[in-house]
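Please walk me through this structure in the viewer, one selection at a time. I would like to know what to pick next and what is found there.

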Amino acid sequence: RRAVLAAGKSFHELDCERADRPPRSRPAANNRLLPFLGASLRRLPNPVGVMAQYDGEANDVCRACELVGLRVPEDVA
């Protein structure tokens, strides 16, 4: 966060816990995570870079982008 802000760029943090998702052992498609994530990404200025903590979360980002018509990596990288 500090490095992004120091470079004069904007930083946005999404709180995916607000999506009321089940534990990570259950598929993301069976809950509200993907629609929440897609809508949140849609509100950000494009292009945007995203960091995910785990590979599974990065996959969720790609699936959410597909859901709302965002292109990877053109709109969301």
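The tour below goes from the whole chain to the core, then to the salt bridges and the surface.

**Whole chain**

Start with everything shown as a cartoon, and keep in mind that this is a predicted model. The chain has three helices and zero strands, and its order along the sequence reads α-α-α. Of the 77 residues, 29% count as buried. Among contacts with a separation of 6 or more, 54% are between residues 24 or more positions apart.

**The nonpolar core**

Select C16, L37, L41, V61, C65, L70 and V76 and show their side chains. These belong to the largest nonpolar core, a set of 13 residues, and they touch the most other members. Helix 2 and helix 3 (55-68) each supply at least two residues of this core. Helix 2 gives the largest share, five residues. As a rule, nonpolar side chains in soluble globular proteins tend to be buried together.

Now centre on L70. Which residues does L70 contact, leaving aside neighbours within four places in sequence? They are L41, R42, N46, C65, D75 and V76.

S40 has a relative accessible area of 5%, so it is buried.

**Salt bridges**

The structure holds three salt bridges. Take them in turn.

- Select E13 and R1. They form a salt bridge, with the closest N and O atoms 2.2 Å apart. The pair links distant parts of the chain, 12 residues apart: E13 is in the loop between helix 1 and helix 2, and R1 is in the segment before helix 1. Both E13 and R1 are exposed.
- Select R63 and D60. Their side chains meet in a salt bridge at 3.8 Å, N to O. About one helical turn separates R63 and D60, because they are three residues apart in helix 3.
- Select D75 and R71. The closest N and O atoms of this salt bridge are 2.8 Å apart. D75 is buried, with a relative accessible area of 12%. R71 is partly exposed, with a relative accessible area of 47%. Having visited L70 already, you will find D75 among its contacts.

**A nonpolar patch on the surface**

Finish by switching to a surface view and selecting V4, L5 and F11. These residues form a nonpolar patch on the surface, and together they have about 230 Å² of accessible area.

Notes:
Residues are numbered from 1 along each chain as its sequence is written. This is a predicted model: local features need pLDDT of at least 70, side-chain atom pairs count only at pLDDT 80 or more; totals for chains, interfaces and linings use all residues. Side-chain values use heavy atoms; hydrogens and water are left out. Patches are made of residues with over 30% relative accessible area and no salt bridge: like charges are joined within 9 Å, nonpolar side chains (Val, Leu, Ile, Met, Phe, Trp, Tyr) within 5 Å. Accessible areas come from the Shrake-Rupley method with a 1.4 Å probe; for residues, only the protein chains shown count as cover. A salt bridge is a side-chain nitrogen of Lys or Arg within 4 Å of a carboxyl oxygen of Asp or Glu. A nonpolar core is a set of buried Ala, Val, Leu, Ile, Met, Phe, Trp, Tyr and Cys residues joined through side-chain atoms within 4.5 Å. Buried means under 20% relative accessible area, exposed over 50%, partly exposed in between (1.4 Å probe, protein chains only). Helices (H or I, at least four residues) and strands (E, at least two) are DSSP runs, numbered from the N terminus. Contact means heavy atoms within 4.5 Å.
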